[in-house]
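Open the model in your viewer and keep the sequence panel beside it. The tour goes from one selection to the next.

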Amino acid sequence: MDIKHIVIGVVIAVGIVLVLLKGGSSISESPPAGTTDDDIRNLAQQGHKIQAIKWYRAIHGVGLKEAKDAVEKMM
């Protein structure tokens, strides 16, 4: 294996590590302590409706339908 192939391999490996570290989203799966309905509203309005529904469910202890309806009203 020559140096060119080694460099290409390292570049690919670094790219993979960066993608894995990013994880696709910087939004926490569970809501941070002290999260309010205003935080959920802002999250939904930024285009993260599904995450907002998950956070609403976690905070209010309701089912999927009720959380979806509540978040849609917030929007």
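A residue counts as buried under 20% relative accessible area, as exposed over 50%, and as partly exposed in between. The model is a predicted one.

Select Asp38 and Arg41. Their side chains meet in a salt bridge, 2.4 Å from N to O. Both residues lie in helix α2 (residues 37-45), and because they are three residues apart, about one helical turn separates them. Asp38 has 46% relative accessibility, so this residue is partly exposed. Arg41 is partly exposed too, at 27%.

Next, select Lys49 and Glu72. Here the N to O distance of the salt bridge is 2.7 Å. This pair links distant parts of the chain: Lys49 is in helix α3 (residues 49-60) and Glu72 is in helix α4 (residues 64-74), 23 residues apart. Lys49 is partly exposed at 29% relative accessibility, and Glu72 is partly exposed at 31%.

Stay in helix α4 and select Lys65 and Asp69. These two are four residues apart, about one helical turn, and their side chains form a salt bridge of 3.0 Å, N to O. Lys65 is exposed, with a relative accessible area of 59%, whereas Asp69 is partly exposed at 27%.

Last, select Met1, Ile3, Ile6 and Val10. Together they form a nonpolar surface patch with about 480 Å² of accessible area. Ile3 lies in helix α1 (residues 3-22) and is exposed, at 63% relative accessible area.

Key: Residues numbered from 1 in each chain as written. Predicted model: local features only at pLDDT ≥ 70, side-chain atom pairs only at ≥ 80, totals over all residues. Heavy atoms only, no water. Patch = residues over 30% accessible without salt bridge, like charges linked within 9 Å, V, L, I, M, F, W, Y side chains within 5 Å. Areas by Shrake-Rupley, 256 points an atom, 1.4 Å probe, with all protein chains shown as cover. Salt bridge = Lys/Arg side-chain N within 4 Å of Asp/Glu carboxyl O. Buried < 20%, exposed > 50% of the residue type's maximum accessible area, 1.4 Å probe, protein only.
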